[in-house]
Amino acid sequence: MRDDLKVGVFLCECGGNIADIVDLDKVKEELDVEFIGQFENLCSLNGRKLIRDAIFDYDLDRVVVAACSPISHEKTFQDYVKPLNPYLMDMANIREQCSWVHSDKEKATHKAITLINASIEKVKQSDAVDPIYCQTPDEVAVIGGGIAGMNAALSLAKQGTKVTLIEQSPSIGGHMAKIGKVFSPVKIAEECGMCLLNPILNELVWNENICVLTNTKVIEAERRAGTYNLILEKSPRYVDTERCIACGKCAEACEVEVPNDWNDNLSMRKAIYRPFGQSYPEAYVIDMENCSKCSNCVKACSMRAIKLRGKPERIPLQVGSIIVATGHKLFDMEKRPEYGYTRYDDVITQSELGRITGVNGPTKGKLLKSNGEVPKRVVMIQCVGSRDEKPDGHKYCSKICCTVALKNANIIKHKYPDTDVLICYTDVRTPGMFEKYYKHTQENEVRFLRGRPGEVVKKGDNYIVRTEDTLKGEFVEIEADMVVLSTAMEPSEGTEEIAEILNIGTTEDGFIKESHPKIKPVATDVQGIYVCGTAHEPKDITDSIMQATAAAAKVSEYNYGGVEIEPFIAEIDTDRCIVCGECIDRCKYKSMSVQNDQIYIDPMSCTGCGKCLIGCKQRAITVNGNIDEKIMSTINGVLSKKQDGQRMILVFLDHIGYTAADNIGVNRLSYPESIHIIKVISVNRVRPRHIKFALENGADGVFIGEFPGDLMYDEVERKIQRVKDRIAEMGENPERITFSKVYIPYFSGLARKFNEFDAKIAELDEE
Amino acid sequence: MTNQQKITDSPIDFAEKIINDVKNSKEDGVLKCVQCGMCTSTCPAARHSDYNPREIIERVLEGDISIIEDDNIWNCFYCYTCHSVCPVGNSVCEVNQILKQIAIENNVGYDKLYEYLGFADSYFTAAIGAIPERFFQDIDRDVPGWWEFRQNLEEIRKELDLNPPLMPSEEVIDEVSKILTITGFKQKIEKIRATEEAVK
Amino acid sequence: MKHVPTDDLLLFRSCLVSVEYPGVEASTKFVFDKLGVDYAISEKQTCCTGLGHYSDVFNQIDTTAIGARNFKIAKELNRPNLVMMCATCYAINKKSVKLLNKKDDLRNHINQLFDENGLSHLKYEKDDLKPTENIFHVVDILYAKKDEIKNHVKYDLSGYKIATHHGCHYCKVHYEDTIGGVRDPNIMDEIIEECGCSTIGWYDHKRTTCGTGFRQRYSNPDLSFTATADKMNAIDDEDVDILVHLCPNCHIQFDRYQHLIAQREGRNFRAIHLNIAQFIALAMGGDFDKVIGVKAHTVPVDSVIKDLKEVEK
């Protein structure tokens, strides 16, 4: 039936690039098709007319364009074959992979015939299919209301996107709200953090496209092509934000005092409280764990805003994409007891020092010890929990602690020039402009000691910091009356939870992993989910904001552009499928999930690699586009042109490998005529039966190349090894199959490998 | 003074030799040292002598083989504090033990071992490690009543319902002696003893 | 927490316990019997080589070959769980098991030597023992059984000021495997609390070495005793009555040399020194002479513990 299809072949001279080496007349003689034509420049607009006319005149069902590489002009010719379906056209690459790499005219001509024949056989197996077009809803969930989440939300909202900003605590603002001062390396000055944060907060609150949900967490998530269905849980606030005017009478009346976590527990607050002066929503909240239910607040509230009863509320939310901005937490100092944090009152963290020196902090900005005196010497210890591979430590550098220490040291020195500040460091990491701030800090008479302290103990009224001054090679005991620990940044609990709920990949350290650090630094491994801020890795405010706006830009790209997807993806036969879940585990792209008791394949992330096919005992999965048959026909099309004594090697490459192979031609290197390259959408789609068929039907060797950065690389490597083992069992020589790494820029290496493999096969043939 | 590094020098070889020693449990730890000094900050020997664990690694990484002749390496307490805190996963304590074995291979430090050969001898006679008798006099001087206690040991053990201090069977002693002969231990001990006694 | 077996134990004899503080062995047996721990002792087992090893006389291969022999004895008795009374035995044996499992060259070399010299019966197969699953210190077993300790406590020792000294070779050598941590070690503090007592917890130099330093005590006494003095001073500053140990070598350094170090420091140190097993045995009513073995102690135990009062039931 498919053999009756009318195929037209269009040969391109490419202005001599092809015709000077390949004898196109001979090609025409050798091929038996409905129509065959030759043109000087097929890609020109003239070419479009020629192709279209021939399709009408000869009633062609399929088209083969023998010209340059599909990488250059496949899209062009898919357009030129209209009204034929674009997938009914195939390109035979007789330029980059023939005329540009071979010089022997006769051999090159035969190779061109072979490649065109392979395309003819392949295109006969093609069916008309339409690309899948996905449009995601233009609604976004931003999870986490810190500086990163706020900026991402604001940027999207200003572009017209509806944003829901989800924050688990009673106020947005995050760590930046409590940081006190921030510094500018350019101005060499410390500035009020809240004063910088507040305008953003206000803008966000007044933006009609943003809905802020505080006391709210994501508890469930489900993904369908371009749409996420989230279930949120909003805990009761017990105070009606519409009615509350934040007058504070309730807190005055409240009889319960508990440590104020916003002040790092350095001061007390009531059980009904406002997290901080500029918190949003501008309303009080009850900490029900500590509330005694005395009702004093209810009586005190003239606005009748307080209700002591309330239940968590579940809210469904449908969005097109998600930005994860769930942030970090600080290292638990119980893990490094030798520094005495839990034993001694005046051994504190940099975060606590930030509160102490903050004018809205427990001492109204005065640097005071627990006994109310100003410290005479503050020793700062760097890298606490960072750059530490011992149990509970972190191997990474937390990136901001050096500059945070410098900032806090300067703040102390400005106000208390008589207080000696000594920073014990291993390396001072102040890249770029920060180096100027480091110099400024030295000018402020902050002292530095290179050494990593071993312990802090109390002797009399003072602490002793035991360390080595490594530049002197001397063990020293430094007296101090305040010790400040620069604690590591680690993923927040929220970050760990959301990674689990959304099934997004994390690093070995538990941060959200970006899809690729260079080319996709804000995407996660799940399509439509982006990351920014310290949920991704330790970073400062500036970097968090930049990444937040980058994430917003990527969301816009995704939301507005829509996505056209090649239709060659997996499909489930629900009658056969028993929902065993094997495919879910096997899919490296996390495309499969169970929805409504059925396996659902997300067309946006499926690559059609076919890994799921192998594991499916029910044979319930197919990949659209007849790919198995196409590969088989292509092989057949090549091998059927084999001449007596001719060596034939089949090379299977995906897009990356194929581009590398094109580069060999573009750079006019050469490789033997025996090399016949077959392009596949995923190397994993080359099945053992293809290889076996090739070897049994005249192929002298099979070369499979894969880019090591491909998620399927290890899988393919193992598979090829298994095929080799099986080939050996059947008495064939496994040396006839080879697996190789390919890289686009390393085309010369690929040419060398082709040459070597050809030589090796020649040797085997002689034996 | 200028320290010249010739193009043919390969300082890292010394660290490689240590890494490849069977005793090393820290893989490439020594190469990852950033000289932070946390080892020295917690080292009892650094606190009270010229021993400096950070400097040991510095010299190893410089390829300074003369370190095996430095008396300071013999001041390590083997308390493993450095090993337990090192942020990059190095162990100066292990490196130090390996350095001493390299010293001994190179006929250095025999005098340091000579006094302790009693620990070896007792394995061949009783299959246990006993404090060398040569120290008994010092102990008796420093610890009032110790000698008397040791004289009464059997009686005290009997009162505790324990066997008399353990002289294992001939079979056991033979087997242990054989093990320590085939590993080359016996030969090494005899060489150290002969060398030291010739000097004296 | 990791699983700690309380059956099929081989109680590993220690040279220093045997000849210096035999009461530690008697107390361990006494407490194990009370707690229903299943253990045995083998006459064929020999020393771990620790003292010689850390005097640099024994190299790793010598120590590990001796270890392989002891491990075989444990396997043949069907008591693959080795329990040490001495921190150094614990560290040495755990390291030998790790090396024998991990370093194929070393294991093959030792096995080949055994084969060539008629000792094939001692050969060690990879993973015959597991470092975390088979190698323990007595405190690990006591910790696993700690909930049962209070059922057997007879005397109330809560009136004494108690501090702990966790031996370095228990805590620090295999720190990833140490119950109760290594930076502020507290496994003994937790066990002592089960006797109805509390310890002073952290004190300056809590995690510092006893100062023995193997060769330092005999060849470098100044260095050794200066290091010990750091800790003794800190303990005296806290007015401690009882310092609880888990290693006989630390025990020697503190108990035998307290008098001498007091002279050097011009202070009067008064703490007595008990092994954790002795402490619990004492709390459980063990006899001074028949169980605790106080006659072996240089600082008289009765200088602090003068009379014992029974706990109120």
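User: What does helix 11 of chain A lie across?
Analyst: Helix 11 (residues 350–357) of chain A lies across strand 20 and strand 27 of chain A. Its direction is at about 90 degrees to strand 20 of chain A. Such angles run from 0 to 180 degrees between N-to-C directions, with axes fitted to C-alpha atoms, for helices over the stretch in contact. Helices (H or I, at least four residues) and strands (E, at least two) are DSSP runs, numbered from the N terminus.

User: And how are the residues and chains labelled?
Analyst: Residues are numbered from 1 along each chain as its sequence is written, while chains are lettered from A and ligands numbered from 1 in the order in which they are written. This is a predicted model, where local features need pLDDT of at least 70, side-chain atom pairs count only at pLDDT 80 or more, and totals for chains, interfaces and linings use all residues.

User: Which strands does helix 12 of chain A lie across?
Analyst: Helix 12 (residues 401–415) lies across strand 21, strand 22 (420–425) and strand 27 of chain A, at about 170 degrees to strand 21 of chain A.

User: What's the strand order in that open sheet?
Analyst: The 5 strands in chain A go 20-27-21-22-23, with parallel pairing. Strands pair if DSSP finds at least two bridges between them. Strand 20 (347–349) and strand 23 (447–450) of chain A are the edges, each with a single partner strand, so one side of each has no neighbour in the sheet. From one strand to the next, the twist averages 25 degrees.

User: How many bridges link strand 21 and strand 27 of chain A?
Analyst: There are 5 bridges between strand 21 (residues 377–384) and strand 27 (residues 482–487) of chain A, in the parallel sense. Within that pair, Val379(A) stands opposite Val483(A).

User: Switching to chain B: how many helices and strands?
Analyst: Chain B has 13 helices and 0 strands. Its radius of gyration, taken over C-alpha atoms, is 21 Å, well over the 16 Å from the globule rule for 200 residues, so chain B is more spread out than a compact globule. That rule is 2.2 Å times the number of residues to the power 0.38. Along its principal axes, the C-alpha trace of chain B spans about 65 × 35 × 35 Å.

User: Which domains does chain B have?
Analyst: The assignment, which is automatic or from a database, gives domain 1 (11–107) and domain 2 (113–199). Their C-alpha centres lie 29 Å apart.

User: How many residues of chain B and chain C take part in their contact?
Analyst: The contact takes 55 residues from chain B and 63 residues from chain C. Two residues are in contact if their C-beta atoms, placed from the backbone, lie within 7 Å. Helix 12 of chain B gives the largest share of the chain B side, 7 residues.

User: How many residues of chain A touch chain C?
Analyst: 6 residues of chain A are in contact with 5 residues of chain C.

User: Last one: which residues of strand 7 in chain C point which way?
Analyst: Ile272(C) and Leu274(C) point one way, His273(C) and Asn275(C) the other, and all are buried. Buried means 20 or more other C-beta atoms within 10 Å of a residue's own (exposed is 12 or fewer, partly exposed in between), with C-beta atoms placed from the backbone. In a regular strand, side chains alternate between the two faces of the sheet. Strand 7 (residues 272–275) of chain C runs parallel to strand 6 (residues 242–245) of chain C, joined by 4 bridges. Ile272(C) is the bridge partner of Ile242(C).
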